[in-house]
Amino acid sequence: MDLLWKSVTAILFAFTVQGIQNLARGSPCAEVQVDEPVVVLGSSLNASCRLLDGCPLTEGRSVLVEWHLNGRFLAGLPPLANESGRISRVTVPNFSDPTGSLTCCVRQETGCQIVGGKEIRGGYPPSAPQSLACQTNLTKPFTLTCKWDPVTDTHLPTNYTLHTEIRQSKTETKHRTYLLPDGQHVCIIPRVDFHLFAEMRIQVTAQNALGTASSEPLFLDPMESAKLDPPAVVDVGVEQRRFGCLRLVWRLSEHQLWLLEPLAVEVRFRTQGSDAWATEPRRIPRFSQQEALEQCGLLHATEYEFQMRVRCGQGPWSDWGPSRTGCTLEKAPTGRLNVWLKVLREQSQTHDAVQLFWKPSEQFRANGRNVWYHVYVNGPPGKGRQETVCRVQGLHCQAVLRRGTRRVYITAQNSAGESSPTPVIVYQQRALEPVSDISVSSKDDNSLQVSWTRPLSSVVTGYVMEWGPLLETDPLHLSFSMLGQNKTSAVISAGIEPYKPYWISVYSRYRDGIGYPRSVEAYSRQKAPSVAPSLKVEKIHSTYALLTWQDVPLEHRHGIIQSYTLFCWDEGGRAQVVQVKPTERRVVLGNLSPMSMYKLFIMASTEAGNVNGSILTLNTAKAGAWDDVIIVVPACIVIAFTLMLTAFVCCSRNEGLKMRFWPMIPDPANSSIKTWTQADKVPDYPAFQSVKDIQDPSPVHLSWFSLLDVPEKRSEKGKGPNLDDLWLQDDDPKGLCEPVMGTSDLADTCEPGNESPRETVPYATVVFACPYLSQAQSQSQPSSPVYLRSDSTQPLLGEESPSPKTYQNFHFSGGSGHGVRDQEHVHGQSEGESSAFWEEFPLLSALNLSDAHSHA
């Protein structure tokens, strides 16, 4: 119950408060006043709010008044001393909004209740209108139209008023005022309010809430400001014998035929198809408006297009009238032609194929529409006959000239006559020194800068530069330019387009010939090719693949190809990049794995970009038997070559190998022992102690003995033993006749009556550690004898026997007893040791060493 009562009380209170508020809104509670409802933007503004008696919001309690401008709180001013608390004041120091809502409200518990307000507008005073001008229209109905530039935005409504003043007499003036709607700045005055030949004063005024401004007055004669209708050219004709002149018949519009004032006429003309107009003004006196005009200084036999316009006094020009065309009379061509003659090839042994190009020079005038060109050569001297080479309407021809022709002539012809001939030299020398080099750079999208270096020769008389599109083969598209000898650069701008290829050649000219051309390909602007080459697999193997492609078509290159790049990657993502020169059209891709899949594509690049081709997939083949053969056969060849080279080296160095791998066996046939004499025999020599004594010999003295030095004749019976008897005492008389070291010469010498050759006698070298001494000396100063192997170059082993046969040791008999046996006995060698020693050196046992002192 308590809750219900509280709810009812709250509802009743709300209705009571709402009623009071509605009563306050419906009844005047406050009065708001401002200095000006329209103020200049940026200026200050003062306002006051006075609460009225009887306002329900203020009865019986104190109030708080607040100010708001466009929803923004403004601090009010404190009340004056003589004012009650029911008046509130506020100052806006800088009013910057074009429109503003200034409100006064009373603060309540639930908010701020608005009790009064004012709408404030901000702006600027108008400026004076500018560029006032009026124009009379003589096309019915006649009107006078005045225009001016509107004032700057004032943020306030601005109205314009046009004032006219016409002086009708010295004492009478007629005034007219025309009020225009807001924003309109054009006023049309009807014909009844002005006179064509009476001066008027015109002025316009702009006005808004902040002020008024007027323009400068304009004084004018309506007729002088009249814009006439465009005139019409009725006919364009020619007069006989008036070359380069045309006669124009014209008239004014039907609405201005009554004009008697002098007029200004302007004629403009251009050749048919040209965009540039040539203008020539004329002054037409009174009563001469319908006379024909003559326009001279035109090209002969040329079609022209004419238009005219007219104005009255200093008034505006009329619009251009409709066009009319006419053609001037023909006249024989005048001036010379620029001609370029090239010898293409040798047609035969007596004729050459030539190509001629020509174009008008700056002084040339065709003077006709249908012009033919006649190229001819003069006949033999004295006959005055001409031989026609070609007759064409174009600017080039190809013909055949007799070899040795020095000069040809070309003339231009039309229906009125023929021009003077232009001589053209046929150079006999056509491969002289060319320009050193040539370079081309892009000046812009439609021009090329060509530069070259003059030849080293100083007799250059000029240059010829020719160019043309590479996509066109018709000679009609070839252009050329004749340049002086001091020129080393030129600009080409005729017919150049971006992304299209052009060829440019420069020839050096000499007094008696022309140089070899230097040519280059050029683009004014490049971009990436529009298509890429298509890869083609020519051959595929287990470890390599041969790929080919065609060049990018010329019309799709859009630039000079710098390189081709081939990209290849396997299933594992390992990539291989191969860059190919732009002139190449094939590549061998190696280092591939058998039975593997590869993906690849080719990229074509220019200076300005590149394009990628489509991806190609290839699978390598399985390695076959031939692959093994290809690998094994070269390896075998290399091994065989190595073995052959080793064998060759070994054979060429056989002596060194023998010294390294086989022991040296002395060869008596090639030893110096054969140079010994009987006087060289030693009386005595010490015996060798053992084999160990000869392992590391240190010889001091050498003794040489040759078997050939033994006396050749046998001693007589009873005179002592000789060497031959000792040899014959051997049980094996054929022992010395066996071939030694593979030779058979020694066996032949054993026959009776034959002497053994000195080259085949065996030898041995005996080395002594001390000089030959007597037996006594030898015994008193014993030393260990040693021996050295021979340094003979005789082959080590022969084919018949690997080593000499064992020889029987011989013992010398008689004499002083200083034989081998005596030495063995002196040194006390055992028989076994002596036998082993002499078996190794059998020839030493035959040496008969006698005392040198006994022969003395």
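I began with cysteine 390 and cysteine 397, which form a disulfide with sulfur atoms 2.2 Å apart. I call a pair of cysteine sulfur atoms a disulfide if they lie within 2.5 Å. The model is predicted; local features need pLDDT of at least 70, side-chain atom pairs count only at pLDDT 80 or more, and totals for chains, interfaces and linings use all residues. I number residues from 1 along each chain as its sequence is written, and side-chain values use heavy atoms, with hydrogens and water left out.

**Disulfides**

I read -50° about the S-S bond of cysteine 390 and cysteine 397, a left-handed link. Both of these cysteines are buried. Buried stands for under 20% relative accessible area, exposed for over 50%, and partly exposed for the range in between (1.4 Å probe, protein chains only).

I then looked up cysteine 187 and found it in no disulfide. The nearest cysteine sulfur belongs to cysteine 146, 6.5 Å away. Cysteine 187 has 4% relative accessibility, so I log it as buried.

Cysteine 146 is bonded to cysteine 134, with 2.0 Å between the sulfur atoms. The S-S torsion of cysteine 134 and cysteine 146 is about 110°, so this disulfide is right-handed. The pair links distant parts of the chain, twelve residues apart: cysteine 134 is in strand β9 (residues 130-137) and cysteine 146 in strand β10 (residues 143-149). Strands here are DSSP runs of E, at least two residues long, numbered from the N terminus. Cysteine 134 and cysteine 146 are both buried.

Next came cysteine 49 and cysteine 104, a disulfide with the sulfur atoms 2.2 Å apart. The torsion about the S-S bond of cysteine 49 and cysteine 104 is about -80°, so the disulfide is left-handed. Cysteine 49 lies in strand β3 (residues 45-51) and cysteine 104 in strand β7 (residues 99-107), 55 residues apart. Both cysteine 49 and cysteine 104 are buried. My count of disulfides comes to five.

**A four-stranded sheet**

I traced an open antiparallel sheet of four strands, in the order β21-β20-β23-β24. Strands count as paired if DSSP finds at least two bridges between them. β21 (278-284) and β24 (324-327) stand at the edges with a single partner strand each, so one side of each has no neighbour in the sheet. From one strand to the next, the twist averages 30°. I take axes as lines fitted to C-alpha atoms, with angles from 0 to 180 degrees between N-to-C directions.

Strand β20 (residues 263-271) and strand β23 (residues 303-312) run antiparallel and are joined by nine bridges. I checked arginine 270: its bridge partner in β23 is glutamate 305.

**Rings**

I paired rings of Phe, Tyr and Trp (its six-membered ring) with centres within 6.5 Å; planes under 30 degrees apart are stacked, over 60 edge-to-face, the rest tilted. The count comes to eleven aromatic pairs. Tryptophan 569 and phenylalanine 601 are edge-to-face, 6.0 Å centre to centre with 70° between the planes. Tryptophan 569 is in strand β44 (residues 563-570) and phenylalanine 601 in strand β47 (residues 597-606), so the pair ties together parts 32 residues apart in sequence. Tryptophan 569 is partly exposed at 26% relative accessibility, whereas phenylalanine 601 is buried at 14%. I also noted a cluster of Phe269, Tyr304 and Phe306, linked by ring pairs.

Last, I looked for charges over rings: NZ of Lys or CZ of Arg within 6 Å of the ring centre and within 35 degrees of the ring normal. The charged end of arginine 268 sits over the ring of tryptophan 277, 4.3 Å from its centre. That of lysine 527 sits over the ring of tyrosine 499, at 4.6 Å.
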